[in-house]
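Me: I am new to this structure and would like to go through it by question and answer. Please show it to me before we start.

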Amino acid sequence: MDSFHNLKSLCKRYRSELFEKFLLLGQGHPGSVFSIIEIIVTLFYKNHIKFDKEKQKFIDKIIISKGHATSVLYPVLRDFGVIKESDWQNWGTSKSNLRIFGNISITGIDATTGSLGHGLGIGCGMAYLYKKQNLNKKVFVIISEGELYEGSTWEALLFASHHKLRNLYIIIDENSLIILGKTSDCLKLDSISKKIEDFGFTIKECDGHNIDQVDIALNLKSDTSKVIVAKTIKGKGFSIMENRPEWHYWNSITKEQIEICRKDIS
Amino acid sequence: MKFQRDVFLEVIFDHLKKDKKIFVLSADFGAISLDAIREKFDDNFIHCGISEQNMFDVATGLALEEKKVFVYAMSPFISLRAIEQIKCGPSIMNLPMTIISVGIGLGYADAGPTHYATEDFACIRALVGTNIYTPSDNFLTRNIAEITLRNNKLNYVRLDRHFTKDIDYKSSKTILSDGFRIIGEFSSSKIAIISHGKIIHNCIKSIQKHPSRGFIIDLFKSKPISEELYKLLKDIKKILVVDEQVPDGNLSAAIFEYFCKFGKTKFITSLSLPERHIFENGGRDLLFKLNGLDEDSILKKFEEIN
């Protein structure tokens, strides 16, 4: 499944499935999950994250450092057969270990995340090791724009830069929002690319909802870490959620709003 | 005479000769024996810069790949600066890792309160799954290093910055697997002084004045505390706990909670640093004296409760 048309349909299906799950559970972080659907689909279905069919496990690593969006991986892991269909179906009950914040007890989740600013450093540790051991393994870390407020993220950037971790791909989900509003109003981050430029990384800005653009950015070749600044829309795909900071979390939702959401992704 | 840190790292050095799964990370903190590791085993050493938080995250990444990771820095920074990284990394993910924390208590006298680690015990003890070791001499340091290499736990090893004289273990009974040693003659009718680390040496000097009335438990493994300690002390009436930490959550709290677990309460008296930041100069021994942890103060308290 790699034609553009199919992948677009897949994004729609994942949005729909995750929406119904959040609705059922009455919890989740839809804004942050829906902003990275295309990125995730590109990573897994454009063969950036390689899959070992015999071992039924992924060769490359992915860390969703913005741990509140880890659940974006569950339908993908289910479709690759890494987690069971029943785990997906039973999510929210004691019969399934899936939860809003992923952890390493879930097959296919490479690091427990939740508190912001940890994933990149963990990814650095893995990428450092693979590079030292000459292993052909990549590490993809998705961080939120808000994680750029964490000092530990910048410590990790220094580390990745110094050690020229060419197997490390840092994807920044730049949706311009944090819980209390716009990053530009809260504590300005602009321009992220310029701030990161001096680390010596290979940087590419792209539309995070355009599969081709994300794919091109992920195909960059260089001897340094790659930083993909993906411009995204928080809550992408749902008109009631798009660019609305309050949809960082799940909210009470009316029947009419549910219908609007279902129509949006039909 | 060697520093505890050199003794510990020499053990790691010896194991690195055959075990390349070992990684040593430092946040810009050195030692003579660390230089040897850097020189001979460069591939297994990572200088993380003065970035304790990232050091733990990188260490977590290595531990997730099944490496034996030793994280090394000065006590105040490796404990409190990065405590959430320890929680979210090795603690929550149940990963083996050894934190080598150098300069506990007032070890960095007269640098001042920013450099004292006088609450690290309480903070790290609160983290799920931590094993805490505090050696009082090089004999224990060497043995603790060996234990951490094979126990697959999250270890927090509290080393002293200064030289610690070897305790004459011929006159003491050391039970390595139980995490404590008895200094002096044990008797249920005596007062037990429980302590760990360098301050034990002050306790020894104090108790030498009344060897028939007390003995010392050098509790070098203070989390978890072995059940053997309860078996030994179950009939003891009075305990004096001496710790180079602030009053709240220090070793005396651990001892109190330990006996509560068995449904027993004991007469426990605590001698610790005061509830204040210490700015006075004059060296660690003077600070002990000024703050009631020198041998005379310990002796006085011992005689008070006798």
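**Contacts between chains and within them**

Reply: The contact between the two chains takes 20 residues from chain B and 20 residues from chain A. The model is a predicted one.

Me: Which element gives the largest share of the side of chain B that touches chain A?

Reply: Two elements of chain B, α3 and α5 (83–91), each give two or more residues to the side that touches chain A. By class, this side has 8 nonpolar, 8 polar and 4 charged residues. The largest share, 9 residues, comes from α3(B).

Me: Is helix α6 of chain A parallel, perpendicular or oblique to helix α3 of chain B?

Reply: Helix α6 (residues 119–132) of chain A and helix α3 (residues 52–64) of chain B have their axes 6 Å apart and pack at an angle of about 50°. An angle counts as roughly parallel under 35 degrees and as roughly perpendicular from 65 to 115. The angle of about 50° therefore makes α6(A) oblique to α3(B).

Me: How many residues of the contact of α6(A) with α3(B) are charged?

Reply: On the α6(A) side the contact includes Gly121(A), Ile122(A), Cys124(A) and Leu129(A), and on the α3(B) side it includes Asn54(B), Asp57(B), Val58(B) and Leu62(B). The residues of this contact divide into 9 nonpolar and 6 polar, and the number of charged ones is 1.

Me: Which elements give two or more residues to the side of domain 1 of chain B that touches domain 2 of chain B?

Reply: The domain assignment of chain B gives domain 1 (4–159) and domain 2 (169–305). Their centres, taken over C-alpha atoms, are separated by 25 Å. The contact takes 25 residues from domain 1 of chain B and 28 residues from domain 2 of chain B. On the domain 1 side, the elements with two or more residues are α6 (120–125), β5 (130–133) and α7 (138–150) of chain B.

Me: Is the crossing of α8(B) past α12(B) left-handed or right-handed?

Reply: The axes of α8(B) and helix α12 (residues 295–305) of chain B come within 8 Å and cross at roughly 55°. The two helices are therefore oblique to each other. The crossing in which α8(B) passes α12(B) is right-handed.

Me: Which residues of α12(B) make the contact with α8(B)?

Reply: By class, the contact of α8(B) with α12(B) has 4 nonpolar, 2 polar and 2 charged residues. From α8(B) it takes Asn202(B), Cys203(B), Lys205(B) and Ser206(B). From α12(B) it takes Glu295(B), Ile298(B), Leu299(B) and Phe302(B).

Me: What distance separates the C-alpha atoms of Lys209(B) and Leu299(B)?

Reply: Lys209(B) lies in the loop between α8 (200–207) and β10 (214–218) of chain B. Lys209(B) is partly exposed, with 13 other C-beta atoms within 10 Å. Lys209(B) and Leu299(B) are 90 residues apart along the chain, and their C-alpha atoms are separated by 8.1 Å.

Me: How many residues of helix α3 of chain A are buried?

Reply: Helix α3 (residues 37–45) of chain A is mostly covered. Among its buried residues are Ile37(A), Glu38(A), Thr42(A) and Tyr45(A). Just after this helix, Asn47(A) takes a positive phi of about 65°. The buried residues of α3(A) number 9 of 9.

Me: Why does Asn134(A) count as exposed?

Reply: Asn134(A) lies in the loop between α6 and β4 (139–144) of chain A. Its phi is near 55°, a positive value in a residue other than glycine. Asn134(A) counts as exposed because its C-beta neighbours inside 10 Å number 6.

Me: Is Glu66(B) buried or exposed?

Reply: Glu66(B) is found in the loop between α3 and β3 (68–74) of chain B. Glu66(B) is not a glycine, yet has a positive phi of about 65°. With 11 other C-beta atoms within 10 Å, Glu66(B) is exposed.

Me: What is omega for the peptide bond from Lys223(B) to Pro224(B)?

Reply: Most peptide bonds are trans. Pro224(B) lies in the loop between β11 (221–223) and α9 (227–233) of chain B. The bond from Lys223(B) to Pro224(B) is cis, with omega near -15°.

Notes. Residues are numbered from 1 along each chain as its sequence is written. Chains are lettered from A and ligands numbered from 1 in the order in which they are written. This is a predicted model: local features need pLDDT of at least 70, side-chain atom pairs count only at pLDDT 80 or more; totals for chains, interfaces and linings use all residues. Axes are lines fitted to C-alpha atoms, for helices over the stretch in contact, and angles run from 0 to 180 degrees between N-to-C directions. Helices (H or I, at least four residues) and strands (E, at least two) are DSSP runs, numbered from the N terminus. Angles under 35 degrees count as roughly parallel, over 145 as roughly antiparallel, 65 to 115 as roughly perpendicular and the rest as oblique. Two residues are in contact if their C-beta atoms, placed from the backbone, lie within 7 Å. Ala, Val, Leu, Ile, Met, Phe, Trp, Tyr, Cys and Pro count as nonpolar, Asp, Glu, Lys and Arg as charged, and the others, Gly among them, as polar. A residue is buried if 20 or more other C-beta atoms lie within 10 Å of its own, exposed if 12 or fewer, and partly exposed in between; C-beta atoms are placed from the backbone. Domain bounds come from an automatic or database domain assignment. A crossing is left-handed if the near helix is turned anticlockwise from the far one by less than a right angle, and right-handed if clockwise.
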